[in-house]
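Colleague: Please take a close look at one part of this model, the last helical segment and what surrounds it. Then set it against the rest of the chain.

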Amino acid sequence: MTTEDESPRSSRSGDSPCTVWAIGDVFDIEVARPWEFNTTFPLRSIALPYLTAGIPLILIKILSPFLLLWFNWNLKTSYVLLITPRLVTCMLSFVSDYCLYRICKVYGQNYRTRLITFATSYVVLVYGTRTFSNTIEMTFTSLLLYFVADCMAHSDQV
């Protein structure tokens, strides 16, 4: 448990407080909700954190009894609950990498140097590797850029 003035696990593990309260919402655990997401005057939407953390945790909650019964695998461990949102974030980061690769292939550019530059940039290292809502925003922007670049290359119009 945490006190009122400290955020649960966010400073120690590098996880967003959104991930912690998504775990609390899905598994009915009492956690301290960040001030941006309070129920009276919310400043941010819970939609993006639920896409990156909530949906995989709901799948764990649904699959856990079956895997425990059939294979004796307990998915409701602290390690699995910590790693699952991070793996989803990693896959979202790979989507951004793939979009950059496809854009380079469409325009016949050298994708290796651009992927190395992208992977070592400050924005990707900070926001693309944490369970912040910025990761899914970066992924959506990458997908949008890919679709626009692909349409422009095939239509030869701006």
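Modeller: Directly after helix H7 comes Asp 156, whose phi is positive, near 55°. The model is predicted, so local features need pLDDT of at least 70 and side-chain atom pairs count only at pLDDT 80 or more, while totals for chains, interfaces and linings use all residues. Residues are numbered from 1 along each chain as its sequence is written, and side-chain values use heavy atoms, with hydrogens and water left out.

H7 itself spans residues 133-155, 23 residues in total. Helices here are DSSP runs of H or I with at least four residues, and strands are runs of E with at least two, both numbered from the N terminus. From first to last C-alpha, H7 reaches 33 Å, close to the 33 Å expected at 1.5 Å a residue; the expected span is 1.5 Å times one less than the number of residues.

The buried residues of H7 are Ser 133, Thr 135, Ile 136, Met 138, Thr 139, Ser 142, Tyr 146 and Ala 149. Buried means under 20% relative accessible area, exposed over 50%, and partly exposed in between, with a 1.4 Å probe and protein chains only. An α-helix has 3.6 residues a turn, so residues three or four places apart point the same way. The cover over the buried residues of H7 includes H3, H4 (78-106), H5 (111-119) and H6 (122-127), where contact means heavy atoms within 4.5 Å.

Asn 72 is not a glycine, yet its phi is positive, about 60°. Its relative accessibility is 62%, so Asn 72 counts as exposed.

The unreviewed UniProt entry annotates residues 50-73, 79-101 and 113-129 as "transmembrane region"; positions are in the numbering used here, feature names are shortened, and annotations may be inferred rather than shown by experiment. Over residues 50-73 the chain is 92% helix and 0% strand, with its end C-alpha atoms 25 Å apart. For residues 113-129 the values are 76% helix, 0% strand and 20 Å.

Buried residues make up 30% of its 158 residues. Of the contacts with a separation of 6 or more, 58% are between residues 24 or more positions apart.
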